[in-house]
Amino acid sequence: MELEADALGSAACGAADDPRSEFARLVEAHWRSAYRFAYRLTGNPEDAADLVQQSAEEAFRAFYRFRRGSRFDRWWLRILYNSFVDRIRQDRRRSYFALEDLAPSLLAGADSDPEVAVGQRLDGPVQRALDALPAEYRAAVVLVDLEGFSYQEAAQLLRCPVGTVRSRLHRARMALREWLRDYVDAVKRGELR
Amino acid sequence: MTHPSDRLSAYVDGTLSKGEAAEVAAHLAECAACRETVTDLRAVRQLVRAATVPDPPPELLPRLLRSVGTATPRPPGPVPWTLIAAGFTLAAVLLARVPFVPAAAPPLDELRAYGRLAARVPLVELGTASFVSTAQVEEEEAGR
């Protein structure tokens, strides 16, 4: 019996030490939030799934650098964001433009009248508005407003000063305010929750 | 009157220091435009938070786990130490051999002359240039 207990014990230790099973366990626990973040960044399910897949592979290759005891989800999201930024850079057409250059016409369909907006699902218009933001502005909104990051945590992930997060967040929200004007007014009237 | 601009979003999020928050609050008491902006910013945040994301495709998780099964981890284990040891050995061997290796590099003057020549020759002509370089260098040296 003792021998059996020992064998079980060492098997359990072996499983805990094996980076593959440890990584698989962490992926299983956090893949949904990785997908949610990727979807917010890319705006569509196909690119989101690809991005999650690519970042999971990169995360696994770099897994030995992951500090045990720190938050795996934050670590993975950072890798995911970096992969996303690399993709954006590869697509020169979308990489460099100022927030001010964006025309509200990018948001075709987001300008419905408030009557239509009432009771309607917001996912479409809001996601389209988010998509129209430059990536680094969108990331600030997604991290702080949707993922519940503090400004400091977002700054760490985005590798920029906290003041930059604050200003990007504000400018992004000001743009969303104009683009989603009818919805904003509906919220203020208490017609949308 | 200076408007607090991006401090308004930080105010809405409650991330300002007590002093800054008090300044913004004092400004809001006097500025209807900024009060309106603050209300709008709250509504925007609410809209963004309310928009949901569709469920991930169910086949994604098995795909992720499969890729973990096939990807190669780069473990920090014994590999770097073997590499370091190999590096030291190689360095030791090279150091020991240095006095016996004959100098194969061309004289510095020759390299400089070639550099001056190359700087004047367009890239497309470099192929030819490398053939005639010796003659030209000699001319240049003679003309100096």
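Which residues have the most contacts inside the largest nonpolar core? That is where I would like to begin this morning, and please keep in mind throughout that what we are looking at is a predicted model.

The largest nonpolar core has 69 residues, and those with the most contacts inside it are Ala38(A), Val52(A), Leu80(A) and Ala140(A). Helix α2 of chain A, which covers residues 19-42, gives the most to this core, contributing 10 residues. If we take Leu80(A) and leave aside its neighbours within four places in sequence, we find it in contact with Ala34(A), Phe37(A), Ala38(A), Leu51(A), Val52(A) and Ser55(A).

Let me now turn to Ser83(A), which is found in helix α4 of chain A, residues 72-90. Ser83(A) counts as buried because it has 22 C-beta neighbours inside 10 Å, where 20 or more are required. Not counting residues up to four places away in sequence, Ser83(A) touches Leu51(A), Gln54(A), Ser55(A) and Glu58(A). With Ser55(A) in particular, the C-alpha to C-alpha distance is 6.5 Å, although Ser83(A) and Ser55(A) lie 28 residues apart in sequence.

Finally, the contact between the chains, which takes 42 residues from chain A and 35 residues from chain B. On the side of chain B that touches chain A, at least two residues each are supplied by α1 (7-13), α3 (32-50) and α4 (60-70) of chain B, and the largest share, 11 residues, comes from α3(B). By residue class, that side of chain B divides into 22 nonpolar, seven polar and six charged residues.

Note on methods: Residues are numbered from 1 along each chain as its sequence is written. Chains are lettered from A and ligands numbered from 1 in the order in which they are written. This is a predicted model: local features need pLDDT of at least 70, side-chain atom pairs count only at pLDDT 80 or more; totals for chains, interfaces and linings use all residues. Helices (H or I, at least four residues) and strands (E, at least two) are DSSP runs, numbered from the N terminus. A residue is buried if 20 or more other C-beta atoms lie within 10 Å of its own, exposed if 12 or fewer, and partly exposed in between; C-beta atoms are placed from the backbone. Two residues are in contact if their C-beta atoms, placed from the backbone, lie within 7 Å. Ala, Val, Leu, Ile, Met, Phe, Trp, Tyr, Cys and Pro count as nonpolar, Asp, Glu, Lys and Arg as charged, and the others, Gly among them, as polar. A nonpolar core is a set of buried Ala, Val, Leu, Ile, Met, Phe, Trp, Tyr and Cys residues joined through C-beta atoms within 7 Å.
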